[in-house]
Amino acid sequence: GIGRGTGASVFFYKHLLENRRSKVFILDAVSLIFLLVNWLFAFFLRKEGILPAFFFSVYIMLFESFMGRWAKELLHPYVYLIPAGPFKKLIMICAEHILKSVVLSILTMIPIGLIVQADPLDIAVCVVARIALSLLFIAASVLTDYLFGGIPGKTIQLFIYIIVLAVTAAPGAVISIIAATLLSSHAVGLLIFSVWTTIVSAGITLICRNMLNRPD
């Protein structure tokens, strides 16, 4: 009944179909509420510039990463029965959430930039940085599930996830802060951090590329 896709790509179209059946194109009610919260935060702190609103939106995005369809998909047994490579299945399972993150980053940061009257370059950099961080959130969650998925208790897994996220992001954060300080440009710092998180996310994905060969 999906009507589109073959092999691993079925997961992507399945998630889009589930969105349509829920009367949602890309954004659900929770995402719209998060958008409104981000805009309101930027409005009340509009004199502080774009950075506080950006960091607040990243904090909100941390909660959004736990509610994607991709995370629920990994719990279903039929994911191991699709006749496709495990790496391609992993990518396709996450594809809808990545698309949603791109859309949310644009819809979050452009209005925030207009509210705080930020420079167009700063707005663009914040969009890129938010997308890169969303990839890291997904990758860190996948790595946590890959290494510690057998540990019972969501609270313990969440704690481990935060540790994994902090460890993977910390080096890039230190480098970007130093660069931003030396060059007096937070845009450069965010770009460096975006490059770091993208590379780390790709590396984690490669490490976990065979995780769907392990039904245990």
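Which residues line the largest cavity? I began my notes with this question, keeping in mind that the model is predicted.

**Entry 1, the cavity.** I looked up the lining and found M61, E64, S65, H97, K100, S101, L104, S134, F137 and I138 around the largest cavity. The elements that each give two or more residues to this lining are α3, α5 and α6, and α5 supplies the largest share, with four residues. When I sorted the lining by class, I had four nonpolar, four polar and two charged residues. The space in this largest cavity comes to about 60 Å³, and the count of cavities of 30 Å³ or more is one.

I then turned to the second largest pocket, for which I noted a volume of about 410 Å³. Its lining is made up of 19 residues, and those nearest the centre of the pocket are F54, F55, A173, L190 and F193. Two or more lining residues come from each of α3 (50–64), α6 (120–148), α7 (154–183) and α8 (186–207). Which element gives the most to this lining? I found that α7 does, with seven residues. By class, I recorded 16 nonpolar and three polar residues in the lining of the second largest pocket, and no charged ones.

For the helix pairs I kept to one form of description, since two packed helices are described by the angle between their axes and the distance between the axes. The axes of α1 (residues 9–21) and α5 come within 7 Å and cross at roughly 30°; angles under 35 degrees count as roughly parallel, and α1 and α5 are therefore roughly parallel to each other. The crossing in which α1 passes α5 is right-handed. On the α1 side of the contact I listed S9, F11, F12, H15, L16 and N19, which meet K89, M92, I93, A95, E96 and L99 of α5. The residues of this contact fall into seven nonpolar, three polar and two charged.

How do α2 and α5 lie, roughly parallel or roughly antiparallel to each other? I noted that the axes of α2 (residues 29–44) and α5 (residues 86–116) come within 9 Å, with a crossing angle of roughly 25°, and α2 and α5 are therefore roughly parallel to each other. Here too I recorded a right-handed crossing, in which α2 passes α5. From α2, the residues S31, L35, N38, W39, A42 and F43 meet K100, L104, L107, T108, P111, I112, I115 and V116 of α5. I counted 10 nonpolar, three polar and one charged residue in the contact of α2 with α5. Going back to Entry 1, I saw that K100 and L104, which α5 brings to this contact, are also among the residues that line the largest cavity.

The axes of α2 and α3 come within 9 Å and cross at roughly 160°. Angles over 145 degrees count as roughly antiparallel, which makes α2 roughly antiparallel to α3. I noted that α2 passes α3 in a right-handed crossing. The contact brings together F34, V37, N38, F41 and A42 of α2 with P52, A53, F56, S57, I60, F63 and E64 of α3. Sorted by class, the contact of α2 with α3 has nine nonpolar, two polar and one charged residue. I marked N38 and A42 of α2, which take part in this contact and also in the contact with α5; on the α3 side I marked E64, a residue of this contact that is listed in the lining of the largest cavity as well.

Methods. Residues are numbered from 1 along each chain as its sequence is written. This is a predicted model: local features need pLDDT of at least 70, side-chain atom pairs count only at pLDDT 80 or more; totals for chains, interfaces and linings use all residues. Side-chain values use heavy atoms; hydrogens and water are left out. On a 1 Å grid over the protein atoms alone, a cavity is a set of points where a 1.4 Å probe fits but cannot get out, and a pocket is an open set with protein on both sides within 12 Å along at least five of seven lines; lining residues have an atom within 4 Å of a point. Grid points are joined across faces, edges and corners, and a volume is the space filled by probe spheres set on the points. Ala, Val, Leu, Ile, Met, Phe, Trp, Tyr, Cys and Pro count as nonpolar, Asp, Glu, Lys and Arg as charged, and the others, Gly among them, as polar. Axes are lines fitted to C-alpha atoms, for helices over the stretch in contact, and angles run from 0 to 180 degrees between N-to-C directions. Angles under 35 degrees count as roughly parallel, over 145 as roughly antiparallel, 65 to 115 as roughly perpendicular and the rest as oblique. A crossing is left-handed if the near helix is turned anticlockwise from the far one by less than a right angle, and right-handed if clockwise. Contact means heavy atoms within 4.5 Å.
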